[in-house]
Amino acid sequence: MTGLLGTALPLPRLVRAEDGTGSSALSLPDTHWNAALPMAQVPQKLPLIRFSDRPIVLGTPRPFFDSLLTPNAAFFVRYHLDVIPNAIDLSHWRLLVRGNVAKPLELSFEQLLSRFEPVTVVAVNQCTGNSRSRFAPRVPGTQWGNEGMGNARWTGVRLMDLLHRAGVRPGTVALRFQGLDSGRSAEGTPAHSYAKSLDVGDPILAQCIVAYQMNGEPLPMLNGFPVRLVVPGRFSTCWVKHLSWIEALSEPDRSHWMLEAYRLPDNARHSVTPAEVATGKLATIAASSVPMPVRSFFVRPDGSSKLVVRLPIEVKGIAFSGSGGIRQVEVSTDGGRSWRLARLDPDLGPYSFRGWRLPWTPQRPGVYELRCRATDGKGNAQPTEPIWNPGGYAWNQVETQTVFVGEAA
Amino acid sequence: MNRHRFMAAAAALLLWTLPGSAGSTPTNPDGLSEAGVYALDSSGLLLPTSPYPGNTSSTYSVGAYPLAPTPLARGTGQELVESYCSICHSVTLIGVQPRFPPEFWKKEVDKMIHLGAPIPTEMVGQIVDYLQKHYSPVKTQPSAPEPKPKPSP
C-alpha cells in the first residue's frame, strides 16, 4: 500500500508557478519575508522558524504580526551562547547591582515585585541583524528574513530606581549588564560570556525597565526569565536576558561584544561599501547606542494566495521607529509610482508597533508590487535604496510585497 | 479512520484527480481543476515539548531543549569539522549560511579561533578545505567541474 502510494502520488514538494514553466518554484508562500527554513518546537513556544538548535535561535512566522502584541509563545528567540538556563531557582536567584556604587544591592525576585513601583512600556524588541538576508553582497550571521522582531507589553522596575538605590558613584562611565547564559568556551574568550554596556550618560537609561512581566505573564524562559533588560527604541543586542548582574564600570567595556561585534558605520544610514570596509579605516559606533531606524511591513496580503479582481481587501501592516514613534505610513499599489496615506491604528506608545491599514480593490488582474513607507516622529522616512554594512545590521529599506490578482470570471 | 482506509481513500481520490497545471487543465463542469493530491512528507510533524510543571517549588524549569543539528555534508574532513566546530554551537550554523566564496571560510575559521575555538594550527587547513569544498558555490570548485551540457539532437 505504502509502496503504491509512494510511486503513484505526485509529489508537489515545490509549488509550480502558474505559467507552467516552474521557474519561480517556491517551497513556502513567501521565502522573502520569512526564511525558508524548517520549524522547531521548544519549551513554552509554538513551532517557530529554526535558525539554530544550539544556541537556540528561532524566528516569528509572519501571521503572528497580525496581532500588535506578539504572543509570548511566538516571540522570537536569539542566543549567542549555548549554555542557556533550563531551570532557575528563585530562592537563590538574585539581581546584583555592584561595581562603582555606594551601596551594592542583592535583590530577590520578590523584592523587585514589592519594593519598587511597577511601570509598563510597550516596546519593540528587534534583532540588530533583522532582515540580514537582504544584504547584497550577503554577509555572515543569522540569515533573518523579517522574523527577528516582536512587540510586547513589558512590566517591571525602572532601571533608574535600582541605580538610585545603589547610588552610582562619580567616575562611572558605563553600566554593564550580564545574564545567566554563557558559553562552553574557555573563560576569558569572547565565546564564554555575553554582556552589554550602555554609557552612563545615555538618555535611554531613563527609559529602561528591568522587566519581570511580558504581555501580562512571566517571561518565557527563552525570552529571559526571570527578568530582562528592556531598552525601548534600541536593538535587542542590549536587552540582556536572565539579567543578574548590573555593574557600574569606571573603565569603558572593551569586550568583543562591545568593540568588535554589533558595530554600525558611523553615518546617518549606517551604510558603506565593501571597498570602504577593505580600507580598514571605517568609523563605527555601538549598535546599542543608536535608536532603531524607522521600518514598516506588510502583514496582509502576504502573497501566499491570489487576490480576486474587484474583491475589496484591507491592506494591513505594522510600523515602528526608535525615534519618536510613527507619524505616517504611505502605501503604493503600483510599484512606488503613486502613494496613498494609510490609516493608523490607536497608538500604544512611541516604542510600540503601530498598526496601519488601507482599503484596496484591485481593478485588473495582474501582478502588483505593493510598497509601504513609514515616516517617524523625527521626520525620518524609510529609504528606497538598500543599505550595506559588513555586520548586516539596521536594514530598513522600503518593503515590497508582490501579489497576484486573478480573474473573477 | 485507520491508516489503511485513509490511504485507500487517498488512492481512490487520485483516480479522478485531473493532472496538469491550472492553465492547461480542461475545465470540469463543477470548476474543480485538481483535488486529492498528497505528498508523503513527515518533515512537518512536530511533537509538543513543554513539560507540565508538576510542582509549586521556587524552581522554574522547562526541561531539556531539543537538539536536532542539520548534518554536515559527507566528505573528507567532516569528522574534524564536526568535533571542532560543535564545541560552542551545533554545526547547523554552517549549513544555514549562504554559499560564501572560498576565501570567506578561511576568515570565518580565523574568526572562530579569535572567539575562542581551540583549533590547532595544523588542523586549520583541512577544516578550511572541507568548508570550501562543501559550503562555497560549486562553480568555483575546480575539483567538481559542472557536467557539460549534452549536445542538442
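User: What's the bridge partner of I88(A) in β1(B)?
Analyst: That's Y60(B). This is a predicted model, where local features need pLDDT of at least 70, side-chain atom pairs count only at pLDDT 80 or more, and totals for chains, interfaces and linings use all residues. Residues are numbered from 1 along each chain as its sequence is written.

User: How many bridges do β5(A) and β1 of chain B share?
Analyst: Three, with the strands running in the antiparallel sense, and β1 of chain B covers residues 59-61. Strands here are DSSP runs (E, at least two residues) and helices are H or I runs of at least four, numbered from the N terminus. Two strands pair if DSSP finds at least two bridges between them.

User: OK, and how much area do chains A and B bury?
Analyst: About 3900 Å², 62% of it on carbon and sulfur atoms. Buried area is the accessible area (1.4 Å probe) that two parts lose on being put together, summed over both.

User: How many salt bridges across that interface?
Analyst: Zero by the rule, which wants a side-chain nitrogen of Lys or Arg within 4 Å of a carboxyl oxygen of Asp or Glu.

User: Switching topic: where does D161(A) sit?
Analyst: D161(A) is in helix α3 of chain A, residues 159-166.

User: Is D161(A) buried, partly exposed or exposed?
Analyst: Partly exposed, because its relative accessibility is 23% (buried is under 20%, exposed over 50%, partly exposed in between; 1.4 Å probe, protein chains only).

User: And how far is its C-alpha from that of G201(A)?
Analyst: The two C-alpha atoms are separated by 16 Å, with the residues 40 apart along the chain.

Notes: Chains are lettered from A and ligands numbered from 1 in the order in which they are written. Side-chain values use heavy atoms; hydrogens and water are left out.
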